[in-house]
Amino acid sequence: MKKILIIEDDLLISSLVQFRLKKDGYETLLVQDGNEGTKAIDSFNPDLIITDVMIPFKNGIEIIHYARKSKPDTPIIVLSSLGEEEKIVLEAFNLGVADFIPKPFNPNELAIRVKRIFR
Amino acid sequence: MVFCANPSFAQDNLPYTDSTTFFKFLESKEEIPSLKFRYKITNPNPSNDLLNDSTLNFEKDELGIYQSQAFEKFSSWYSAGEKYLLKEEVMLTPDFLIYEEPSNLSAARDYVDNLWRNKDIFINEKKPEVGDVLVILANMVPYEPMFKYRFQFFSDYKLLLVTSIIGFFLIMAIVMILYMIFIKMRSSKVEAKEKIYESQIIGPLSELLFEKTEEEINNLSDAEIFEFFPEKDLRGKHFKHVLINKIISLNKKMKGDFKDKLKALYKKFKLDEISIKKLKSKRWDVITTGLVQINEMDLVEALPQVQELTDSSNFYIRSHAIATLLNLSENVDLKTIKKQSFPLSRWQQMNYLRIIKYLHIQKTIQIETLFEGENQTIRLFAYKLVGLLGRVDLLEKLSKLAPNVSDIEKIEILKTYQMIGVHTESTFINKCLRSDNINLVVAAAKASGQVGDQASAFILIELLNENPSFNLKMIYLDSILRLDKSMYQQFVSTSNDKELNQINAHLLDPLLQHV
């Protein structure tokens, strides 16, 4: 079973994403801040990381940097609002994230993108 | 008739009982008002010593009896005659004078008795020793801690005032701290409750959104809804409040069919009734919250109530009401904005423009209705909209209006002409260049640079010859340069004005052109 780590501070959004991904048979772990996120990357050993950009303690870019060092082959999907943090989003792409999903988004669309990455 | 003296008004007990104690009393008193003492000599042949006593100073009266001078002090009188009284041969007898009238001992005693009873005289108290004084004083002021200070405190109004003010603020501070603690405790309780509700909401809401179609949600019975959310919770005001916030928050972050499902759920849980009810609140913040919820969840049925709030005296209410109306109305006719009696702020204009810009792609918006608005800020907003939305079809109407409007509106129309690039309005622009209003002239000069004609260039040269300020020269020259380069060069080359040469150098410098 593929393992997905979700790093998102909005509990409602992350729970919906978790619910949807669980339905597709993935094992998921939900964390709400950057510190927990970096710890979970090591302990949970995910096959995919879904992270928001603006999260407490460590932002999405720091998470990506950490993941690139710790698990260089783990694909990352970035969730973020379009328009804001443009520089950060561009930096995320430069760091080689697998996909970028702008908010507002459709969880079903996210599930399809996850499926495509695992293929 | 018998008069009975009230014993309480008199000293009944005399301080003497016989002649000895009477004399002691007189000695202790020293002086008795209107009572004097003297001696008289009953011996027909008194000694020369006695007669020559300078203290007693005897004199013979008309009866031939020697009488001493009268003494007011008993002790002086007694000491003066003491040595002679002991000698029997002298035959010295005491004599008393009451109101200068000679009297005997019995009369003098009666007189003193009366004075005593009438409280005209008292027993001389023994003068206390220094130690006694301290004891007496100490007895007079009983030991009471802070007694003296308390007295001073209440008599010193300044001290009392300062202490009262400090006390008042101290009490207020304590009350405020207690109130803050109470509020903090209450909000913590509410937050904790919200977290519990949030965790209760997430699961069932996710299930409804992923497992049910929009149609299925619409057809859900109350019993089926209660399977997802307990009836008790769903009837709770606080739970509903959390549910509203969560659905609206999700609605902002979700797209596609999820948005429709969320809106269907909002109505299914009867949360729309709560949002509409908020419009009737007396608090403006509650009303605006209701308006935001109606706007966010597309509650079209609430538009008649929203319409009523568009001319509210509260800035936030009418701004949100108009924004909601613009967003949700099928036919966006802008009549609501036209009817506004309050001036439109820049913030409101920006907000409405954002909505109108979005709607403009889908629907034709009747901006021309705003041309007839009675409020000047609304007409100005309409002219801006023509330019910002590129509504060339409205230029003809604008052209008819332009000559008859105020200078402020003319300036806005000129900006619109400049923005769209209306080359057919040069006559109007040239007329504005001749205005006495310098702001209108500046706007016309700027517009003429883009949409003026040859005549505009001539007027601008005329204006330059009037030697205006440096800034105006720069605007005029810039416009002439844009209108007719050869005319510009000819004018500059023939001019001796130092400022014009500086401006020319600036305008032609490829690096400074855009500064």
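Here is a quick tour of some local features in chains A and B. Keep in mind that this is a predicted model. Chain B has 515 residues, and 28% of them are buried.

**Chain A: strands around β1**

- Strand β1 of chain A covers residues 3–7, and four of its five residues are buried, so call this strand mostly covered.
- One pairing partner is strand β2(A), residues 27–31; β1(A) and β2(A) run parallel and share five bridges.
- If you want a spot to look at in that pairing, Lys3(A) has Glu27(A) in β2(A) as its bridge partner.
- To get from β1(A) to β2(A), the chain goes through helix α1(A), residues 11–23, and this β-α-β crossover is right-handed.
- β1(A) also pairs with strand β3(A), residues 48–52, again in the parallel sense, this time over four bridges.
- In β3(A), the residue opposite Ile6(A) is Ile50(A).

**Chain A: residues worth a click**

- Thr38(A) sits in helix α2(A), which spans residues 34–44.
- Thr38(A) has 20 other C-beta atoms within 10 Å, and it counts as buried because the cut-off is 20 or more.
- Leaving out neighbours within four places in sequence, Thr38(A) is in contact with Lys58(A), Ile63(A) and Tyr66(A).
- For Tyr66(A), the C-alpha atom is 6.9 Å from that of Thr38(A), though the two residues are 28 apart along the chain.
- Asn45(A) is in the loop between α2 and β3 of chain A.
- The phi angle of Asn45(A) is near 55°, which is positive even though the residue is not a glycine.
- Asn45(A) is exposed, with 12 other C-beta atoms within 10 Å.
- Lys103(A) and Pro104(A) are joined by a cis peptide bond, with omega about 0°.
- You'll find Pro104(A) in the loop that links β5 (99–103) to α5 (107–118) of chain A.

**Chain B: the sheet and the helix on it**

- Five strands of chain B form an open sheet in the order β2-β3-β1-β4-β5, with antiparallel pairing.
- The edges belong to β2 (59–60) and β5 (101–103) of chain B; each has a single partner strand, so one side of each has no neighbour in the sheet.
- Strands β1(B), residues 35–41, and β4(B), residues 92–98, pair antiparallel over seven bridges.
- Within that pair, Lys40(B) faces Thr93(B) of β4(B).
- Helix α4(B), residues 105–117, packs on the sheet and touches β1, β4 and β5 of chain B.
- The direction of α4(B) makes about 40° with that of β4(B).

**Chain B: helix packing**

- Helix α26(B), residues 485–494, has three buried residues to look for: Tyr488(B), Phe491(B) and Val492(B).
- Looking down the axis of α26(B), the buried residues fall within an arc of 95°, so they line one face of the helix.
- The other side of α26(B) has Ser486(B), Gln490(B), Ser493(B) and Thr494(B), which are exposed.
- What do the buried residues of α26(B) pack against? They pack against α24 (454–465), α25 (470–483) and α27 (498–508) of chain B.
- α24(B) also goes with helix α22(B), residues 426–433: their axes come within 9 Å and cross at roughly 10°.
- α22(B) and α24(B) are therefore roughly parallel to each other, since angles under 35 degrees count as such.
- On the α22(B) side the contacts come from Ser426(B), Ile429(B), Asn430(B) and Leu433(B), which meet Ala455(B), Ser456(B) and Ile459(B) in α24(B).

- Asn467(B) lies in the loop between α24 and α25 of chain B.
- Asn467(B) is exposed, with 11 other C-beta atoms within 10 Å.
- Take the contacts in chain B between residues at least 6 apart in sequence: 65% of them join residues at least 24 apart.

Definitions and conventions
Residues are numbered from 1 along each chain as its sequence is written. Chains are lettered from A and ligands numbered from 1 in the order in which they are written. This is a predicted model: local features need pLDDT of at least 70, side-chain atom pairs count only at pLDDT 80 or more; totals for chains, interfaces and linings use all residues. Helices (H or I, at least four residues) and strands (E, at least two) are DSSP runs, numbered from the N terminus. Two strands pair if DSSP finds at least two bridges between them. A crossover is right-handed if, with the strands pointing away from the viewer, the path from the first strand over the helix to the second runs clockwise. The arc is that of the directions from the helix axis to the C-beta atoms. Two residues are in contact if their C-beta atoms, placed from the backbone, lie within 7 Å. Axes are lines fitted to C-alpha atoms, for helices over the stretch in contact, and angles run from 0 to 180 degrees between N-to-C directions. Angles under 35 degrees count as roughly parallel, over 145 as roughly antiparallel, 65 to 115 as roughly perpendicular and the rest as oblique.
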